[in-house]
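Hi,

Here is the structure I promised to pass on.

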Amino acid sequence: MELKTVKTEHVPVRYYEGGKGQSLVFLHGAGGLDLDQGFLAALAEKFHVYAPLVPGYGDSEECPELRDMLDFTLHTWDVVGALGLKDPVLVGFSMGGMIASEMAAVVPNEVSRLALIAPAGLWIDEHPLPDIFSMLPFEFPPYLFHDPAAGAKIMSAGMDMSDPKFLQGFLVQTARQLGAAGKIMFPIPDRGLSSRLYRIKAKTILIWGSSDKLIPPIYAQAFRRGIAGSELVLIPDAGHVAPFEKPQEVIRAISRLA
Amino acid sequence: MKFTWFNLMPWPYLPDDFRQKYRSVWVDIDSKLFNPEKSHELYNMYIDLLEHAGTLGFDGIGVNEHHQNAYGLMPSPNIIAAGLARRTRDVGLVVLGASIALYNPPLRVAEEFAMLDCISGGRLIAGFPVGTSMDTNFCYGQIPALTREKYREANELIMRAWHEREPFAFNGRYTKLRYVNIWPRPIQQPHPPIHIPGGGSIETFDFCLDNTYSYSYLSFSGYVRGKALMQSYWDRVAERNTPDTSPYRAGFAQTVCVADTDEEAERLYSKHVSYFYNRCLHVFPGFADAPGYRTIKTIQKGVLSQYAPPASGGLFPQLSWKEMVEGGYIIAGSPETVRQRMEEMIKGLRVGNVFCLMHIGDMPKEKSMYSTQLFAEKVMPKLRNIFPEYASDNRFWCKPMANRVSPGALPAEVDLRAMANADD
């Protein structure tokens with residue numbers, strides 16, 4: 001995958017591109033693309049993959065003009081336009097799934113294939129989601145991974161909070177990334193999507209790790225009810241980060257749209 | 001010098017094993033620990049203490065705003081200040097302050113502050129905090145990365161409401177009002193002096209200098225640790241060629257305990273100070289700093305929340321009396337010890353406004369009054385004249401009306417019929 005830049009109205013956008021075949025846009029989750037590199041490489045064996053970064057993620061410029069859900073939705077449409085894509089397979093994971101859903105709901109005639117991997121965007125009072133904005137780094141693995149011990153090892157690799165320089169870099173990255181995510185997800189990742197889901201016309205595949213503890217699979221049912229004709233693929237032995245834990249299974253599910 | 005007796009109003013009944021059993025004193029504090037009946041006595045005791053301080057020669061008595069917090073029982077400081085406005089005569093009322101980004105519309109703050117200023121005869125010193133991340137983001141749901149923009153807009157709205165004399169339309173991003181026309185208006189014109197409590201953001205330094213607001217650092221870690229932050233403020237003042245370096249451009253909060261001797265101070269106060277530092281400041285580190293609340297520039301400068309966990313991870317270490325005194329977290333001891341260290345603090349930080357935290361943790365009222373009285377009689381008078389060249393700088397303090405009424409002065413026994421008819 002190659003890291004490139006494309007100009008948009010408000011901000012230059014960094015994106016990964018690779019592979020051949022049908023165009024596919026992958027929108028990342030609140031954690032960014034760090035864990036998804038292997039998944040993207042595998043995905044690029046089947047699709048021409050474009051994975052733009054939300055402004056503020058990775059080394060990309062922040063964008064103060066993006067404040068609310070509509071801004072994020074239209075900005076991401078701007079990115080698709082700037083990349084010269086028309087009706088790509090639209091795939092969103094977690095926060096990216098929330099953005100992808102909004103894109104498909106706001107402009108339903110330009111999205112015909114949609115894959116949502118454990119998307120955010122809904123809230124069920126009986127099943128409140130954990131608050132990622134107050135979590136300490138070591139608290140994440142049980143929510144993210146099917147195998148928290150293995151996940152903890154991966155997440156803490158190279159992390160040394162007692163090194164002030166590392167700590168500062170870590171805090172800056174968190175502030176940039178989760179600061180941007182907070183605009184659409186804080187304090188509750190519900191910006192009214194439930195009342196717009198009915199507008200989605202795309203053939204939609206919902207993909208969920210069966211042991212997802214961050215956005216539990218009960219949310220899959222709510223999305224399924226909201227999007228007419230959508231199908232659910234539950235992936236066994238996968239947590240929230242299903243693309244990381246079970247890349248081939250996730251890719252197989254996405255490929256049902258091809 | 002301007003000395004303000006400041007009270008946080010802590011809940012004094014947190015259990016001994018609070019640190020072990022509960023994760024945070026703030027935000028998700030166990031509501032079962034609050035007892036409304038006990039709070040009745042407590043609130044009245046705290047208000048008594050503020051009123052008592054108001055009779056001892058302090059320039060101000062101060063309150064502030066916190067939410068879902070067991071060391072700060074004032075979600076609405078203006079309610080306390082309203083009571084104080086009636087029950088005190090001359091002392092300044094420091095509301096440090098009302099979190100202007102939290103009110104919808106923020107005009108509410110302009111109105112309430114105007115009411116306080118009118119009731120008190122112009123004794124209000126107003127504060128506009130951005131608010132901690134705990135209060136603003138986690139308790140009151142403001143989006144961290146947008147909090148500062150919303151705050152700036154609220155400030156602009158309030159200032160225009162106080163300055164302009166005709167109704168105007170305000171088309172803000174966060175607040176839209178067709179007719180801004182506040183009623184009542186403050187006695188102090190165009191508005192009461194503004195203090196901004198901050199935690200070291202460069203943006204807040206500039207905001208204060210741009211608007212001639214006083215910058216206050218409300219830290220609990222004392223002047224030794226406050227030094228670097230206040231120095232960066234004064235560096236910024238110099239860098240921007242600010243026309244003056246008046247010490248009244250700055251304030252600092254300091255925990256102060258006075259007794260006859262250093263030993264008596266330790267004996268009387270150490271367990272209450274320990275209660276405050278070791279229980280009341282037990283904040284879950286995940287609430288310290290919602291991502292996006294602090295700007296990148298500020299993080300890069302190395303300014304972290306005072307509630308952030310130590311770099312080593314885990315909880316704050318338990319601090320002993322000795323560590324707290326020697327580390328400058330608190331200023332405590334005999335009047336002479338306290339005078340020396342206060343002078344060191346005032347000169348070292350160059351602060352004209354000192355917010356004295358003199359009720360600490362679970363202190364009973366008698367101890368707080370004893371400490372307060374010693375400070376007022378034996379310490380404060382000796383510190384009055386540290387910055388004589390700025391004695392006339394009144395930009396940052398209230399300017400009360402000359403002829404103020406005495407509240408509660410209705411005649412007790414009169415012939416109401418005769419008086420009512422006489423007035424007709």
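Predicted model: local features only at pLDDT ≥ 70, side-chain atom pairs only at ≥ 80, totals over all residues.

Asp87(A) sits in the loop between helix H2 (69-82) and S5 of chain A. Asp87(A) is not a glycine, yet its phi is positive, at about 45 degrees. Most residues other than glycine have a negative phi, and most peptide bonds are trans.

On the subject of peptide bonds, chain B has a couple for you to check. The bond from Asn104(B) to Pro105(B) is cis, with omega near 0 degrees. You'll find Pro105(B) in the loop that runs between strand S3 (92-95) and helix H4 (107-120) of chain B. The bond from Trp183(B) to Pro184(B) is cis as well, with omega near 5 degrees. Pro184(B) belongs to the loop between S6 and strand S7 (194-198) of chain B.

Over all chains, the count comes to 30 salt bridges.

**Sheets and strands**

Chain A has an open sheet of 8 strands with mixed pairing, in the order S1-S2-S4-S3-S5-S6-S7-S8. Its edges are strand S1 (2-7) and strand S8 (231-235) of chain A, each of which pairs on one side only. From one strand to the next, the twist averages 25 degrees.

Within that sheet, strand S3 (residues 23-27) and strand S4 (residues 48-52) of chain A pair in the parallel sense over 3 bridges. Ser23(A), for instance, has His48(A) in S4(A) as its bridge partner. Helix H9 (residues 247-255) of chain A packs on the sheet, and the strands it touches are S3, strand S5 (89-93), strand S6 (113-117), strand S7 (203-209) and S8 of chain A. The direction of H9 makes about 165 degrees with that of S7(A).

Over in chain B, strand S5 (residues 168-171) and strand S6 (residues 176-180) pair in the antiparallel sense, again over 3 bridges. S5(B) and S6(B) form a hairpin with 4 residues between them.

**Where the chains meet**

How many residues does the contact take from chain B and from chain A? It takes 25 residues from chain B and 23 residues from chain A. The area buried between chain B and chain A is about 1,800 Å², and carbon and sulfur atoms give 72% of it. In chain B, the residues that lose the most area to chain A are Pro291(B), Ile296(B) and Ile299(B), together 28% of what that side buries.

As for polar links, there are 3 residue pairs in polar contact between chain B and chain A, counting pairs with both at pLDDT 80 or more. The count of salt bridges between chain B and chain A is 1. That one joins the side chains of Arg67(A) and Glu149(B), at 2.7 Å, N to O.

Which helices of chain B each supply at least two residues of the side that touches chain A? They are helix H5 (133-139), helix H6 (144-163) and helix H10 (296-300) of chain B. H6(B) gives the most to that side, with 4 residues. By class, the side of chain B that touches chain A has 15 nonpolar, 7 polar and 3 charged residues.

Cheers

Notes
Residues numbered from 1 in each chain as written. Chains lettered and ligands numbered in written order. Heavy atoms only, no water. Contact = heavy atoms within 4.5 Å. Buried area = accessible area lost by both parts, 1.4 Å probe. Salt bridge = Lys/Arg side-chain N within 4 Å of Asp/Glu carboxyl O. Polar contact = N/O pair within 3.5 Å; in protein donor to acceptor, adjacent residues only side chain to side chain. Nonpolar A, V, L, I, M, F, W, Y, C, P; charged D, E, K, R; others polar. Pairing = 2+ DSSP bridges. Axes fitted to C-alpha atoms, helices over the stretch in contact; angles between N-to-C directions.
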